[in-house]
Amino acid sequence: MANAQQQAPTANTKTVEQFDAIVIGAGVAGLYQLYCLRKLGLSVRCFEDGSGVGGTWYWNRYPGCRFDSESETYGYSWSKELLQEWDWKEHFSGQPENEQYLNYVADKFDLRKDIQFNSRVKSAIFDEKANRWEIELESGQRVRAQFLVAAVGILSARYMPPFEGIDSFKGESYHTSRWPKEKVDFTGKRVAVIGTGATAVQLIPIVAKEAGHLTVFQRTANYCAPLRNGLVSPETQNEWKATYPEIHKKCRETATGFTHDFDPRKAMSVSKEERLALYEELWALPGFKKWLGNFRDIMTSREANEDFAEFVRNKIRVRVKDPVVAEKLVPKDHAFGAKRIPLESEYYEAYNRDNVLLIDIKETPIERITPKGIKTREKEYEFDVIIYATGFDAFTGAITQIDIRGEGGQSLKDYWAEGARTYLQMQIAHFPNLFLAISTAFGNYPVCAEMIVEWITDCIRYIREKGLKSITPTPQAEEAWVEHAAELAEGTLFASGNSWFVGANIPGKKRVFLLYANTVPAYRKKCAEVAAKGYEGCVLQ
Ligand SMILES: Cc1cc2nc3c(=O)[nH]c(=O)nc-3n(C[C@H](O)[C@H](O)[C@H](O)COP(=O)(O)OP(=O)(O)OC[C@H]3O[C@@H](n4cnc5c(N)ncnc54)[C@H](O)[C@@H]3O)c2cc1C
């Protein structure tokens with residue numbers, strides 16, 4: 001197998017290599033983007049910060065990391081051969097297998113030869129005269145291309161809270177999204193986990209069983225729902241392989257890119273008994289069905305939402321033995337789904353263990369990290385290990401960490417100072433030939449990412465076939481899109497929570513709803529219409 005690192009130019013090289021396109025990131029989106037552009041006949045170089053492919057599934061190696069999407073709907077849909085060759089072991093596959101899968105894809109389609117690993121892109125400057133993007137890596141290496149695709153991930157820029165004294169801690173510290181490749185041994189250790197989002201919820205039950213003592217620092221109680229994972233039987237595997245076209249068709253048709261679809265009825269239009277019966281039925285099923293197979297107005301009507309939220313709260317109360325602890329774990333300050341619903345396996349039972357303590361940091365805030373552990377307003381706790389499950393600077397973080405400069409030297413970071421602005425979530429006015437291959441649709445990520453990558457590929461094909469040099473959305477089209485996206489968000493409860501959906505987890509970040517609150521089919525249709533009208537809303541030259 002070709003080793004891209006050996007073939008790649010050495011750092012600080014004087015020659016500036018030229019490509020048709022540069023892709024930043026070798027996760028689910030970047031790998032497919034590389035494949036598509038290469039198939040189009042373009043010379044492409046992909047730059048990846050990590051030492052391997054996988055993106056999310058390369059970096060997040062913490063114990064318990066796995067899909068909340070059903071495995072058979074998360075895998076790529078674009079290669080029949082791949083679909084027949086790959087066997088998923090679990091219904092909600094774990095990180096090691098997901099990483100293996102993406103490595104398998106990279107090898108099967110010989111993608112590695114065009115990927116340069118351990119290569120963090122520092123800046124991307126648009127040269128207006130030459131109509132080229134010039135990127136510079138942290139190593140100093142520079143490369144130029146006509147098209148730049150940022151497949152840098154929606155949840156890839158890790159967030160570390162700026163706790164005072166963070167570097168003074170003498171024990172081991174880990175951020176879940178930069179987990180070491182070697183196993184971390186918690187046996188007999190005093191461990192702290194800061195955060196109780198989707199990642200922590202996967203991690204906590206496992207660490208609780210291994211550690212001598214575990215202290216969880218919770219800011220917000222979440223509505224966690226049972227994952228109900230299991231091994232995939234050979235019969236199910238064969239059934240998937242025989243019906244992949246139907247599975248993918250369904251995923252393309254549903255609102256959120258899953259096989260689950262909302263119940264067309266409004267919650268309050270049916271009797272209390274019927275509602276409860278549906279809730280119980282959904283609760284017993286695996287995955288996000290209890291969210292995305294629920295009544296259709298669950299994310300738009302406060303009354304419908306509260307009805308289900310109360311059902312979930314009672315499910316939590318039943319599982320946690322100590323009523324005081326249970327009440328701390330019961331979310332009361334946001335709507336169900338206004339924050340990403342974590343799916344869990346034995347999460348609440350972890351708090352029934354004698355070696356697990358829950359600290360509500362709204363009651364007793366963390367004041368600082370000390371050499372020995374964590375000091376809250378109340379007392380100092382001593383630890384051997386601190387795990388930061390503190391999430392990401394979502395959507396904009398990985399993009400604005402790169403110094404991107406468009407027309408007239410305009411900095412993207414400045415341009416987005418009052419909130420991210422895009423056209424179709426993929427392009428930005430004043431930044432020609434720059435594409436964001438990041439899915440901001442609410443739903444099953446790869447389903448929408450495939451659509452986005454294919455749209456970008458078609459757009460680049462169009463520009464080349466027409467002999468054009470560049471495409472840039474007009475400021476007016478961008479403004480209309482921003483307004484349209486904001487209007488959609490206002491009609492839902494998504495934007496109502498203090499979540500990463502609105503950037504609320506990052507101090508000082510302008511609160512703007514970062515996802516696109518439309519259904520995936522409606523999003524696809526809008527993008528297709530723009531393309532069919534010769535990229536309406538864009539200046540092509
Ligand atoms: C723990 C976790 C679990 C998740 N589970 C699910 C799930 O079950 N279902 C679902 O639909 N989604 C899930 N997601 C969302 C997930 O991020 C997407 O499903 C998908 O993996 C994103 O793929 P991507 O290629 O867009 O981005 P990523 O996988 O994040 O890849 C982006 C890559 O870009 C690289 N990069 C970024 N900046 C630079 C730079 N400046 N220079 C060079 N390289 C750079 C990064 O190193 C990274 O490898 C999960 C996310 C997390 C964090």
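Val447, Cys448, Met451, Ile452 and Trp455 in helix α16 meet Val520, Tyr523, Arg524, Cys527, Ala528, Val530 and Ala531 in α18, where contact means heavy atoms within 4.5 Å. By class, the residues of this contact divide into eleven nonpolar, no polar and one charged; Ala, Val, Leu, Ile, Met, Phe, Trp, Tyr, Cys and Pro count as nonpolar, Asp, Glu, Lys and Arg as charged, and the others, Gly among them, as polar.

This is a predicted model, in which local features need pLDDT of at least 70 and side-chain atom pairs count only at pLDDT 80 or more, while totals for chains, interfaces and linings use all residues. Residues are numbered from 1 along each chain as its sequence is written, and side-chain values use heavy atoms, with hydrogens and water left out.

The axes of α16 and α18 (residues 520–532) come within 11 Å and cross at roughly 0°. That angle makes α16 roughly parallel to α18, a label given to angles under 35 degrees.

Of the 34 residues around the ligand, Glu48, Asp68, Ser69, Tyr74 and Tyr445 come nearest, a residue being counted if one of its heavy atoms lies within 4 Å.

At tyrosine 445, a side-chain N or O atom is 2.7 Å from an oxygen atom of the ligand, and at glutamate 48 a side-chain N or O atom is likewise 2.7 Å from a ligand oxygen. A polar side-chain atom of serine 69 lies 2.6 Å from a nitrogen atom of the ligand.

Notes
Polar contact = N/O pair within 3.5 Å; in protein donor to acceptor, adjacent residues only side chain to side chain. Axes fitted to C-alpha atoms, helices over the stretch in contact; angles between N-to-C directions. Helix = DSSP H or I, 4+ residues; strand = E, 2+ residues; numbered from the N terminus. Parallel < 35°, antiparallel > 145°, perpendicular 65-115°, else oblique.
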